[in-house]
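This briefing is for a reader new to the structure shown below.

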Amino acid sequence: MRTFFLSLFCFLSVQLLFSQQQEITIDSLQKLATKHMCSSISTSDSIANILLKKAELQKEIDIKAYANNVLGRNLICQGKTDAAIPFFIESCSIYNVTKNRRAYAAPLSNLATAYRLKADFKNAKIHSAEFLAIGKELENDTIIAEAYTVYSGIYATQMLADSTVIYGEKALEISKKLKLDDLTWKIIVTLGGAFFNDENFEPALSYFQDVIPLLEKKNDIRNLALVYNNIGSSYSALRNSEKSIAAHKKSIEYAIKSNYKYVELVNYSGLGHVYSDIDDYETSNINYLKTLELLKEVNIPNIKADVLSNLTNNYYKQGNYSKAIKQGEEAITYTKENSFEKKEKETYNYMYQIHEELGNSAKALEYLKLFNTLKEKLAENEEAQVVKDLEAKYKVDQLKKDRELLESELEISNLTSQRNSYLFIFSMIALVLLIITTLLYYSRMKVKKKEELLALELQETQKRLTLEKQYRKSEIKTLRSQMNPHFIFNALNSIQDYIIQNEQKLARTYLVKFSRLIRMYLEHSQQDSVSLTEELTALELYLELEKARFEDSFTYEIEAESITNTETVLLPSFLVQPYVENAIKHGLLHRKKDKKLHISFELDKTENLLLCTIKDNGIGREASAEINSRKLFKPKSFSSEANDKRIELLNTTRNHPIALQIDDVLNNENEVEGTIVSLKIPLTD
C-alpha cells in the first residue's frame with residue numbers, strides 16, 4: 001500500500017509538471033531530472049520524457065540530447081547497460097551536429113563507462129581518449145580529471161593495478177588542486193581497491209585512510225561504513241588483529257546508523273575471521289552467529305556458505321565435537337544445494353579430522369573419500385575450464401577468419417556480378433553493331449576479349465596481394481609472440497645475480513618491479529600498439545632493473561617532456577625496448593665505468609612523426625663485434641634482429657614506413673665514443 005501511494009504521488013507530481021510546462025523553464029526541468037537521476041528513477045525518467053516533448057515542440061535538439069543522456073544514465077543505474085548505450089550514442093551524435101563540445105563530454109563519459117561495464121575495453125578506451133581530448137581542447141581541468149578517473153576505472157576493472165594507479169594519481173592531483181571532494185574520494189577508493197586486489201595491502205590501507213576525512217566532512221556515514229570495512233580487511237591481511245577489529249567495529253557502527261545491512265553483515269563475518277585467526281573461537285562464533293541472523297534479511301549465499309564452514313572448524317578447534325558435527329552437516333547440505341564446491345570440500349576435510357580424533361574410523365574414511373573425490377573433481381573442472389577457454393578462443397578466431405573469408409567472397413561476387421553486367425551491355429552493343437556492319441563487329445569482339453583478359457589478370461593480382469598481406473600480418477604476429485618470452489628470459493637474467501647476492505628485503509623489492517614489468521609485457525604482447533605512456537612506464541621499469549645489476553656504474557635518462565599528450569600517441573608494441581637492451585648488452589656492458597644511456601622522444605608535427613633516439617657511450621659496434629667473435633659461445637642478439645625483421649614486415653603493410661638508422665658516435669679525433677639509434681615512427685599508417 002505504501003508503494004502504491006508513493007507511485008501515485010510521483011505520477012501526480014509529473015502530471016502537474018507537464019500541465020505547467022509553459023511556466024517551468026527548461027533549465028529548471030533539467031536540474032530536476034538530474035537531481036532525481038539514479039535516486040528516484042521513475043521521476044527522473046518522466047521529467048526527461050517531458051523534456052523530449054518540449055524539444056520536439058520547440059525544435060531544440062540540444063534539449064533532446066540532454067534528455068537522452070539522463071534516460072541512458074538511469075538505465076545504467078538499473079544495470080541495463082545494453083539498453084543505455086543507444087541513448088548515449090544518440091546524445092553524442094546530436095551534440096556533434098550542434099558542436100556543443102562542453103555538453104558533448106557528459107554522454108561521452110557515460111558511453112565509456114557503459115562499455116567498461118560490458119567489458120568492451122577497446123571501445124571504452126576509444127571514448128575515454130576522446131573525452132580526455134575534449135578536456136584538453138577546452139582547457140577544462142575538471143573534465144581532464146574526470147577522463148583520467150574513467151581511464152583508471154577501466155584498468156581497475158581489467159585488474160591492471162599499475163595502469164590504474166598511473167591514471168588515478170593524475171586524476172587525484174587535479175581533483176585535489178580544484179578541491180573536487182566528490183571526485184577525490186572516489187578516486188582514492190579506486191586506487192586503494194587496485195592495490196588491495198594486487199595484494200599490496202600497505203599502500204591500499206594508506207589510500208583508504210586518506211579518504212576518511214573527506215567522508216567525515218560530508219557526513220557520508222553510508223560510505224564511511226564501506227571504507228572502514230576495507231580498512232578492517234586491510235589490517236586483517238597485514239595480521240594486525242587489534243586494528244582490524246577496531247576498524248570493523250567502527251564500520252558496524254556507521255552501517256547500523258545508515259541501515260546498511262549488507263556492510264553490517266560483511267563486517268561481522270570479517271570479525272569472525274579475525275578472532276578465529278587469533279584463536280579466540282568463542283568471540284569468533286558470536287560474530288559468525290550475528291552474520292547468520294542478518295543473512296535472514298539480506299540473502300548472500302557465498303557469505304553464508306563461508307560462515308557455516310568456518311563455524312564447523314571453530315567448534316572443532318574448541319573440542320565441541322557434537323556441535324562441530326551438527327554444524328558441518330548443515331554446512332555440507334547448504335554448500336551442496338548452492339553449488340559452493342570449494343567450501344563443501346573444505347567442510348569434508350573438517351569432518352574427516354573430527355571423526356579421526358573421535359576414533360570413528362568408518363565415518364572418517366567416508367568423509368576422506370568425499371574430500372578426495374571432490375578435490376579430484378575440482379581439479380578436473382579447472383583443467384576442463386582451461387580447455388574450454390582455449391576452445392572458445394579458437395572458435396572466436398575461427399569465426400573471425402570465416403567472416404573475413406565470407407567478406408572476401410562477397411566482394412569477389414560483387415565484382416563478378418558487376419563484370420557480368422558490363423559483359424551483357426557489351427554484348428548488346430556488339431549485337432547492334434553486328435547488324436550495322438560485320439567489320440565493326442569483329443573489331444569490337446577483339447576489344448572485348450582484351451578487356452576480359454585484363455579483368456581476369458586484375459582479379460588474380462588482387463587475390464595475390466590480399467594473400468601476401470595476410471601472410472605478412474601472420475608473420476608479424478608470430479614474431480611478436482616469439483619476442484615476448486625472449487624479453488622475459490633476459491629480464492630474469494638481469495635480476496638473477498642481484499637476488500642471490502643481496503639481502504632478502506631488497507631482493508623482494510626488485511622482484512615486485514620485475515613482476516610489474518612482466519605483467520606489462522604480457523599485456524603489450526596482446527596488442528598491436530601501445531600508448532607512449534605505457535612504453536615509458538615499461539622502459540623505466542626495465543632500466544631500473546638493469547641499473548640494479550650495474551649499481552653505480554650505470555646511469556640513464558629518459559626525456560619526453562616536450563610531448564604533453566603521451567596517452568594519445570601510439571607506437572607499435574615491443575619496438576623501442578630491444579634497441580635499449582642491445583645498447584646495454586653489447587655497448588655499455590664492456591665499458592668499465594661511467595656507463596651512460598640517453599633516450600629521448602619528441603614529436604615532429606610537420607612530418608607527423610614520433611622521433612626516438614637511443615644513445616649510449618659504450619665501446620661501439622665494431623669493438624663489440626670483435627669481443628663477441630673471440631668468445632667460444634657467440635651470443636645472438638635475437639631481440640634486435642627480430643625487431644629489424646618486424647619493422648621490415650610492418651613497413652610492407654603501412655603507407656608510411658618506420659625508418660631505422662644506427663650510427664657510431666665520433667669525437668673530434670674521429671674515435672668511436674658510443675652508438676646512436678634513431679627511429680622515425682609515423683603517427684598514421
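Glu-382 is found in helix 19, which covers residues 361–436. The model is a predicted one. The points below are grouped by topic.

- Glu-382 belongs to a patch of negative charge on the surface, where it gathers with Glu-376, Glu-380 and Glu-383.
- Helix 19 also holds Ile-429.
- Ile-429 is part of a nonpolar patch on the surface, together with Tyr-422, Phe-424, Ile-425, Met-428, Leu-431, Leu-434 and Ile-435.
- The accessible area of this nonpolar patch, taken together, is about 810 Å².
- Is Ile-429 itself buried or partly exposed? With a relative accessible area of 39%, Ile-429 is partly exposed, because that value falls between the 20% limit for buried and the 50% limit for exposed.

**The protein as a whole**

- The protein has 685 residues, and 41% of them count as buried.
- Its secondary structure includes 25 helices and seven strands.
- The accessible surface comes to about 38600 Å², and carbon and sulfur atoms account for 54% of that surface.
- Taking contacts between residues at least 6 apart in sequence, 61% join residues at least 24 apart.

**Salt bridges**

Side chains of opposite charge can pair when their charged atoms come close. In this protein the count of salt bridges comes to 21.

- Arg-519 and Asp-162 meet through their side chains in a salt bridge, at 3.4 Å from N to O.
- Because Arg-519 lies in helix 21 (residues 504–525) and Asp-162 in helix 9 (residues 161–178), this pair ties together parts that are 357 residues apart in sequence.
- Arg-519 counts as partly exposed at 24% relative accessibility, whereas Asp-162 counts as buried at 10%.
- The side chains of Arg-239 and Asp-277 also form a salt bridge, with an N to O distance of 3.6 Å.
- Arg-239 lies in the loop between helix 12 and helix 13 (241–257), and Asp-277 lies in helix 14 (residues 261–277), so the pair ties together parts that are 38 residues apart in sequence.
- Arg-239 counts as exposed, at 65% relative accessibility, while Asp-277 is partly exposed, with a relative accessible area of 47%.
- A salt bridge of 3.0 Å, N to O, joins the side chains of Lys-513 and Glu-544.
- Lys-513 is in helix 21 and Glu-544 in helix 22 (residues 532–550), and the pair links distant parts of the chain, 31 residues apart.
- Lys-513 counts as partly exposed at 22% relative accessibility, and Glu-544 counts as partly exposed at 23%.
- A network of salt bridges links Lys-136, Lys-170 and Glu-567.

**A buried tyrosine**

- Tyr-315 lies in helix 16, which covers residues 301–318.
- Tyr-315 counts as buried because its relative accessibility is 8%, under the 20% limit.
- Which residues does Tyr-315 contact, leaving aside its neighbours within four places in sequence? They are Asn-285, Asn-320, Lys-323, Ala-324 and Gln-327.
- The C-alpha atom of Tyr-315 is separated by 9.9 Å from that of Lys-326, eleven residues apart along the chain.

Most residues other than glycine have a negative phi.

- Asn-219 sits in the loop between helix 11 (201–218) and helix 12 (221–237).
- With a relative accessible area of 57%, Asn-219 is exposed.
- Is Ser-339 buried or exposed? Ser-339 is exposed, because its relative accessible area is 57%, over the 50% limit.

Conventions
Residues numbered from 1 in each chain as written. Predicted model: local features only at pLDDT ≥ 70, side-chain atom pairs only at ≥ 80, totals over all residues. Heavy atoms only, no water. Helix = DSSP H or I, 4+ residues; strand = E, 2+ residues; numbered from the N terminus. Buried < 20%, exposed > 50% of the residue type's maximum accessible area, 1.4 Å probe, protein only. Contact = heavy atoms within 4.5 Å. Patch = residues over 30% accessible without salt bridge, like charges linked within 9 Å, V, L, I, M, F, W, Y side chains within 5 Å. Areas by Shrake-Rupley, 256 points an atom, 1.4 Å probe, with all protein chains shown as cover. Salt bridge = Lys/Arg side-chain N within 4 Å of Asp/Glu carboxyl O. Lys, Arg positive; Asp, Glu negative; His and termini not counted. Charge placed at Lys NZ, Arg CZ, Asp CG, Glu CD.
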